[in-house]
Amino acid sequence: MLIYFIALLPVLGWGFMPIIANLRKSTPEEQLLGTSISALLFAFVLFWILSPEITGLSFIVSFVSGIFWSFGQLLQFKGIAASSVAKAMPISNGTQLIGATLFAVLVFQEWQTVTAVVIGIFAVILILIGVVMTGFQKRGNHITESVSIHVYGIVILSSFFLTLYVVTNQLFHVTGFSIILPQAIGMLTCAIGINLAKKSTISSKNVAFNLMTGLSWSIANLGMFLATTVLGVATSFSISQACVIVATIGGILIFKQKKNLLEWGFIISGIVLIMIGVVLLSMLK
């Protein structure tokens, strides 16, 4: 029972992370900096408790993956700022799933049978349909896509970097808790560089507020590590992706976005299709 509670930490942590970040009017750069500082503090505590062995290779690989995360997370925050949590997060989750799947197929050649290919393609199609459906909006007597091509572009580019963040360690077979500290150092190093490059005033209050965003992300990340060791990648991965439900529905309710019954129907149906796609993909891992 305890391990399933731990497996829910990524659902809540990654689901509420974008919501927390947008409770205060911070810039994406400030959100990124606050999140990265908190992640590094959390990583230092874990390193002090667990003392994992970090080799030169594992440090460099994890550091680079942290840089990928920073670029991806900045773009995700920008995509949310240009739309909303409820609109951007299903696109982000869905395209990250597809990106990770394509990498697994093309690089690791995970789909070895015709059945796997058919199920995998069907799952990807379901996710794509689900992503589009969550953005439907009723205007007059018509149902239209409310998310602009600009937002799609930002979020898809974000997902490209976030996918690289996930697969970089896999590619070099770096696993375990040795990843967390150097990854967090890479995250903060890049976040500082991004804020310096912007050359604009940084609000210390906004950065401090987003320490909570980073804590939410860190708890989710730790929960994913712990759940994977007991439940395996497929089960813990499937459960964690339910964060799209928390982010989407939570974003609508907390930020008081008005939705009519038809729009709710499309949003719920889209989330269900995404989750069915997630389950199918996890079965192929």
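Modeller: In this predicted model, L33 touches L188, A191, I192, N195, I202 and V207, when residues up to four places away in sequence are not counted. L33 itself lies in helix α2, and its C-alpha atom is separated by 11 Å from that of A21, which is 12 residues away along the chain.

Biologist: What makes L33 count as buried or exposed?

Modeller: Buried means under 20% relative accessible area, and L33 has a relative accessible area of 12%, so L33 is buried.

Biologist: Why is the pair of K78 and E29 called a salt bridge?

Modeller: A salt bridge requires a side-chain nitrogen of Lys or Arg within 4 Å of a carboxyl oxygen of Asp or Glu. In K78 and E29 the closest N and O atoms are 3.2 Å apart, and the pair forms a salt bridge. K78 lies in helix α3 (residues 56–82) and E29 in helix α2 (residues 28–50), so this pair ties together parts that are 49 residues apart in sequence.

Biologist: How do you know whether E29 is buried or exposed, and which class do K78 and K198 fall into?

Modeller: The buried class lies under 20% and the exposed class over 50%, with partly exposed in between. E29 has a relative accessible area of 7% and is buried, whereas K78, at 30%, is partly exposed, and K198, at 38%, counts as partly exposed.

Biologist: Which residues touch the most other members of the largest nonpolar core?

Modeller: That core has 58 residues, and W69 and W217 touch the most other members. The largest share of the core, eight residues, comes from α7. W69 touches M17, L32, T35, S36, L162, Y165, M187 and W217, not counting residues up to four places away in sequence. Apart from this core lies another, of nine residues, among them A86, A242, V246 and I271.

Biologist: What makes M17 count as buried or exposed, and where does M17 lie?

Modeller: M17 lies in helix α1 (residues 2–21). Its relative accessibility is 3%, and with buried meaning under 20%, M17 counts as buried. Not counting residues up to four places away in sequence, M17 touches T35, W69, Q73, F77, T213, S216 and W217.

Biologist: How do you know whether N169 is buried or exposed, and what does N169 touch?

Modeller: N169, which lies in helix α6 (residues 149–171), has a relative accessibility of 4% and counts as buried. Beyond residues up to four places away in sequence, N169 touches V61, S62, S65, V174, I179 and Q183. The C-alpha atoms of N169 and S62 are separated by 6.4 Å, although these residues are 107 residues apart along the chain.

Biologist: What makes the phi of S51 and the phi of Q109 worth a remark?

Modeller: Most residues other than glycine have a negative phi. Phi of S51 is near 50°, a positive value in a residue other than glycine, and Q109, also not a glycine, has a positive phi of about 50°. S51 lies in the loop between α2 and α3, while Q109 is in the loop between α4 (85–106) and α5 (114–134). Exposed means over 50% relative accessible area, so S51, at 54%, is exposed, and Q109, at 52%, is exposed.

Methods: Residues numbered from 1 in each chain as written. Predicted model: local features only at pLDDT ≥ 70, side-chain atom pairs only at ≥ 80, totals over all residues. Heavy atoms only, no water. Helix = DSSP H or I, 4+ residues; strand = E, 2+ residues; numbered from the N terminus. Buried < 20%, exposed > 50% of the residue type's maximum accessible area, 1.4 Å probe, protein only. Core = buried A, V, L, I, M, F, W, Y, C linked by side-chain atoms within 4.5 Å. Contact = heavy atoms within 4.5 Å.
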